[in-house]
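Biologist: Could you walk me through this model before I start working with it?

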Amino acid sequence: MSPEDQLKILKENAEDLIEEKELLEKLKAGRPLRVKLGVDPSRPDLHLGHAVVLRKLRQFQDLGHIVVLIIGDFTARIGDPSGRSKTRPMLSAEETKRNAISYQEQAFKILDKGKTELRFNSEWLDPLKFEDVIRLTSKYTVARMLERDDFEKRYKAGEPISIVELLYPIAQAYDSVSVRADVEMGGTDQKFNLLVGRKYQEEFGQSPQVVLTMPIIEGTDGTLKMSKSYENYIGLTDPPDEVYGKIMSIPDALMFKYARLLTNLDVEGAKKDIESSKLHPMEFKKSLAFEIVNWLYSQEDAKKAQDKFITTFSKKEIPDDIPEITAINGIKLTQFLKDIKAADSTSEAKRLITQNGVKINQDTIEDVMMTTNFKDGDILKVGKRKIYRIILGS
RNA sequence: GGAGAGAUGCCCGAGUGGCCAAUGGGGACGGACUGUAAAUCCGUUGGCGGAUCGCCUUCGAUGGUUCAAAUCCAUCUCUCUCCA
């Protein structure tokens, strides 16, 4: 494909492309580009937010380029000492390794394994001597570091910034130097770090990497960015039903963004049809949910998830495919709900009952003190989403 | 090195001796309604107990004062600001 056509595909949906001209130049050289993505193995659970970037990387691969996936094992080992931040716990070598493997497995749901070069940054960061580190830091100033958005904000707000944090962008930049990255990708929140990489590559006599960032998507709550720590994420390994349901629970306003960044659906067409009432917003969201499950799993799984969703929530019926659970009669229902993890505590079970959230075969339970008295095959419903079929045990 | 501010429930943030299991917001959960686990509205949100009552644990940590402490005192840990 011609460099111009490639460029067109690659810049689609991108937030920043610095510099477009440079990317075109690199494409024109005709060799496979080395496209870098650095990942933090302390958080091995990938979600749709990561998928946005991974999809773009996949496009690079499909155009014949190489993805260099860097596992930040060195960085993870150091951790983040800035007290409150739980985002970067210190990890042992084994944990890091385990996480790295899990990370790869998830990433290869999207990436082409054959065109991925996997590296660990301890490879080049471990051998550095303190002298080398100081040399590296001497090429950057505090003022320039503080240009980074979140540093600036935290500094002004009087929140702590650990010196280690100032070093991370430099470490990441040195990664770029070490793997001779042509392009580095990330979310827009990574823009600053990626730019530091350019500066360092120049210092080391390399041509600066092209920085390509993708939009950050908001999580299921609709406002905060998708992140594990906000519990608003849709994980790549979430089961199909869950993925489908979570997509259905995103605010309508967000569904076009998801569709644009995560599927090949015709977003503009759908928008028009919804405005002219030819297409129901819910129908579009359903096809979005379907597409995403289809992509992460299979068409069959997507179909199943969709059917289950419709019976459970649209028709409010009991789907066929529900988990079975063994029950014993004669114990307190609250205790039972806790045992089967339908509630975290007895108090919560009690609350659910009080709030009319527990049903057995369509009958709402009102007695908090009730003792279990199931019949084989009874349907137990707890809240909106938890449905079980009772199997009587002895 | 000096001066000052602060640490509260999942998160943010009130509370400066009893009425505090602790206002409010966010999140989460439940219900109603619906077009969906959208939106909106209402409610719940430490744990345990045969329970509209009682018990236990919680306000950075450890001791202390008091009939009574998140609130007062001491020591400690951590964070921030200003000055040097």
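This is a predicted model: local features need pLDDT of at least 70, side-chain atom pairs count only at pLDDT 80 or more; totals for chains, interfaces and linings use all residues.

Biologist: Fine, aromatics to begin with. How many aromatic pairs does a search of the whole structure find?

Modeller: The search of the whole structure gives 6 aromatic pairs. One of them is made by Y140 and Y200, whose ring centres are 6.0 Å apart with the planes at 15°, so this pair counts as stacked.

Biologist: Where do Y140 and Y200 lie?

Modeller: Y140 is in the loop between α7 (130–137) and α8 (142–145), while Y200 belongs to helix α11 (residues 191–203), so the pair ties together parts that are 60 residues apart in sequence.

Biologist: And are Y140 and Y200 buried or exposed?

Modeller: Y140 is buried, and Y200 is buried as well.

Biologist: What about Y244 and F309, how are their rings arranged?

Modeller: The ring centres of Y244 and F309 are 5.4 Å apart and the planes stand at 55°, so that pair is tilted. Y244 sits in helix α12 (residues 240–248) and F309 in helix α16 (residues 299–314), so the pair ties together parts that are 65 residues apart in sequence. Y244 and F309 are both buried, and together with F313 they form one aromatic cluster.

Biologist: Switching to charges, how many salt bridges does the count come to?

Modeller: The count comes to 22 salt bridges. Among them is the one between the side chains of R31 and D182, with an N to O distance of 2.8 Å.

Biologist: Which parts does the pair of R31 and D182 tie together?

Modeller: R31 lies in the loop between α2 (20–28) and β2 (34–39), and D182 lies in the loop between α10 (163–179) and β5 (183–187), so the pair ties together parts that are 151 residues apart in sequence.

Biologist: How does the accessibility of R31 come out, and that of D182?

Modeller: R31 has a relative accessibility of 39% and therefore counts as partly exposed, whereas D182 is buried, with a relative accessible area of 5%.

Biologist: You mentioned α16 already. What is the separation of D307 and K303 in helix α16?

Modeller: D307 and K303 are 4 residues apart in helix α16, so about one helical turn separates them. Their side chains meet in a salt bridge at 3.4 Å, N to O. D307 is partly exposed, at a relative accessible area of 39%, and K303 is also partly exposed, at 44% relative accessibility.

Biologist: Which residues do salt bridges with shared partners join into one network?

Modeller: R34, E117, R119 and E123 are joined into one network by salt bridges that share partners. Within that group, E123 forms a salt bridge with R119, where the closest N and O atoms are 2.9 Å apart. E123 counts as partly exposed, because its relative accessibility is 46%.

Biologist: Now the backbone. Which residues does a cis peptide bond join?

Modeller: A cis peptide bond joins I18 and E19, with omega at about -10°, and E19 is in the loop between β1 (16–18) and α2. For context, most peptide bonds are trans, and most residues other than glycine have a negative phi.

Biologist: Then what is phi of N13, and what is phi of N361?

Modeller: Phi of N13 is near 65°, a positive value in a residue other than glycine, and phi of N361 is near 45°, also positive in a residue other than glycine. N13 is found in the loop between α1 (3–11) and β1, and N361 in the loop between β8 (358–360) and β9 (363–364). N13 is partly exposed, with a relative accessible area of 25%, and N361 is partly exposed, with 31%.

Biologist: Back to helix α10 for a moment. Is S176 buried or exposed?

Modeller: S176, which lies in helix α10, is buried, with a relative accessible area of 0%. The C-alpha atoms of S176 and V35 are separated by 9.7 Å, although these residues are 141 residues apart along the chain.

Biologist: Last topic, the surface. Which residues form a positive surface patch?

Modeller: K316, K384, R385 and K386 form a positive surface patch. K384 is placed in the loop between β10 (379–382) and β11 (386–392), and K384 is exposed, with a relative accessible area of 66%.

Technical notes: Residues are numbered from 1 along each chain as its sequence is written. Chains are lettered from A and ligands numbered from 1 in the order in which they are written. Side-chain values use heavy atoms; hydrogens and water are left out. Patches are made of residues with over 30% relative accessible area and no salt bridge: like charges are joined within 9 Å, nonpolar side chains (Val, Leu, Ile, Met, Phe, Trp, Tyr) within 5 Å. Accessible areas come from the Shrake-Rupley method with a 1.4 Å probe; for residues, only the protein chains shown count as cover. A salt bridge is a side-chain nitrogen of Lys or Arg within 4 Å of a carboxyl oxygen of Asp or Glu. Lys and Arg count as positive and Asp and Glu as negative; His and the chain ends are not counted. The place of a charge is taken as NZ of Lys, CZ of Arg, CG of Asp or CD of Glu. Helices (H or I, at least four residues) and strands (E, at least two) are DSSP runs, numbered from the N terminus. Buried means under 20% relative accessible area, exposed over 50%, partly exposed in between (1.4 Å probe, protein chains only). Rings of Phe, Tyr and Trp (its six-membered ring) pair if their centres lie within 6.5 Å; planes under 30 degrees apart count as stacked, over 60 as edge-to-face and the rest as tilted.
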